[in-house]
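Here are a few friendly notes on the aromatic side chains, to read with the model open beside you.

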Amino acid sequence: MSWGTELWDQFDNLEKHTQWGIDVLEKYIKFVKERTEIELSYAKQLRNLSKKYQPKKNSKEEEEYRYTSTRAFLATLNEMNDYAGQHEVISENMTSLITAELTRYVQELKQERKSHFHDGRKAQQHIETCWKQLEASKRRFERDCKEADRAQQYFEKMDADINVTKADVEKARQQAQLRHQMAEDSKAEYSSTLQKFNSEQHEHYYTHIPNIFQKIQEMEERRIVRIGESMKTFAEVDRQVIPIIGKCLDEITKAAESVDHKNDSQMVIEAFKSGFEPPGDVDFEDFTQPMKRTVSESSLSNSRGDGKSEPKFGSKSKGKLWPFIKKNKGAGPEDFSNLPPEQRRKKLQQKVDELNRDIQKEMDSRDALTKMKDVYIKNPQMGDAASVDHRLAELGQNIEKLRLEVQKFEGWLAEVEGRLPARSEQSRRQSGVYEAQNASGVNSCAQDRESPDGSYTEEQSQETEMKVPATDFDDEFDDEEPLPTIGTCKALYTFEGQNEGTISVAEGEMLYVIEEDKGDGWTRIRRNEDEEGYVPTSYVEVYLDKNAKDVHKPLQKISE
């Protein structure tokens, strides 16, 4: 099967077909190029998607990724990032192994095709020239033969005419002989030209054209093989990354299988457990008896008894309603005393661990500087040993400060864990500077108060008029100064404070105002040093006075 023998007369069609083959190759190159662009775009979108859902550093989101389900999601995001990388590898390999190679090959193919068809046209022009020469020799031979016949006829006519002179007859005879000779010469030339043409034609159709067409056929077959190999490479490039993509998917599956609902549930307990015991039963309050309202010993806050406070353990402590207190929006106290015991213990432990890490860093820096100083002492030309003394002194001071901080937080931690009794006055004095900071932090918590009708205020240390025994998690508030009075008020009606945080008043009674109505319909008042709480604003008539009387001096009841 050869184009040279089978398609000897299809030069133009072969030229069109080979051009079509190059167009197909260029179309395939364009297809692969667009595929690489899609892979790059897909990889970029996957990376952006992974980045979009990554937790932000030093944010609340980062803390949420301690659960197994969220850790599995984070692992999925990381694996998707690697997955995107494999699509970038596909793009790169297709560009280098297919697009670049085929583009270079197309240029070579065009040059080769141009050369082959140039040779074909040259051979075609040569055979056409030979044919024209043959046609010209043939026409010349035909013309000379006709001229010879006319000259012979003219001679015979003159020879038969008796009136023609002998000289004219001789002239006609010589002319006829000349024409015959010319015809013979033309015949010989025509015969020679014909033989030459036949030889050239045979050479053209059986040698030159077959060779040229054979080269064109080989060129076209190489093109076909090359595009087939490129398609195979196209598949192999994808197949090469399948194992890595499979590993990515396996890791995603492994991460999904690591999700432990029981573990996550336990972590929720650890994250939000307050450490309090649930409240007990509420005692029945018999209002038919002329007795002062009491609150159950087992209720959420401790009772105040018959208006008498229990032993103070050295200072005043107020009831805390941990389960119902809203989270502080401002900066909390340094010892985290605004948190429930269990959460406070965790925060203190984290702080101790953080300080220990800081101490270790400082000690490592000090050790490194000490070694550097030793080197300088042994080799003075390398540096001045005295130049590091100032930095060593700073590191020593930093380490000492951090150790004091650790001792302070470990003391608070020991209190929470019950390993030590409540802090003594001596320990309080040692950390007085920190207590001052705590006091300001605690005072800043008096925000966003809820109404006392079934709810509670956020002011943990001053939200109720009742006194309770000091505990190891609320004694940080013992040394606080009471809120200053901002005026006085007169009770217009009798009010029985039955909810936590409220205070009972009698009609006509005069009391101190320590906090105005914040828009929720309640005013905070104080009867004496130990009794304060909220009453409905509509039940009292408020007289604001910046120069209010002393908070510890009781006011006289005014009768109507």
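1. Please start with Arg 226, which lies over the face of Tyr 105 at 4.6 Å from the ring centre. Do keep in mind that this is a predicted model.

2. Next, the ring pairs. A pair of aromatic rings is described by the distance of the centres and the angle of the planes. With ring centres required to lie within 6.5 Å, the count comes to twelve aromatic pairs. One of them joins Tyr 493 and Tyr 539: the centres are 5.7 Å apart and the planes stand at 75 degrees, so this pair is edge-to-face. The cut-off behind that label is an angle over 60 degrees.

3. Where do Tyr 493 and Tyr 539 sit in the chain? Tyr 493 is in the loop between strand 1 (487-491) and strand 2 (510-515), while Tyr 539 is in the loop between strand 4 (532-536) and strand 5 (540-544). The two are 46 residues apart, and their pair links distant parts of the chain. Tyr 493 counts as partly exposed because its relative accessibility is 47%; Tyr 539, with a relative accessible area of 28%, is partly exposed.

4. Tyr 539 has another partner worth a look, Phe 495: their ring centres are 5.5 Å apart with planes at 75 degrees, so the pair is edge-to-face. Phe 495 belongs to the loop between strand 1 and strand 2, and 44 residues separate it from Tyr 539. Is Phe 495 buried or exposed? At 12% relative accessibility, Phe 495 counts as buried, since buried means under 20%.

5. To put the picture together, ring pairs link Tyr 493, Phe 495, Trp 522 and Tyr 539 into a cluster.

How values were computed. Residues are numbered from 1 along each chain as its sequence is written. This is a predicted model: local features need pLDDT of at least 70, side-chain atom pairs count only at pLDDT 80 or more; totals for chains, interfaces and linings use all residues. Side-chain values use heavy atoms; hydrogens and water are left out. Rings of Phe, Tyr and Trp (its six-membered ring) pair if their centres lie within 6.5 Å; planes under 30 degrees apart count as stacked, over 60 as edge-to-face and the rest as tilted. Helices (H or I, at least four residues) and strands (E, at least two) are DSSP runs, numbered from the N terminus. Buried means under 20% relative accessible area, exposed over 50%, partly exposed in between (1.4 Å probe, protein chains only). A charge sits over a ring if NZ of Lys or CZ of Arg is within 6 Å of the ring centre and within 35 degrees of the ring normal.
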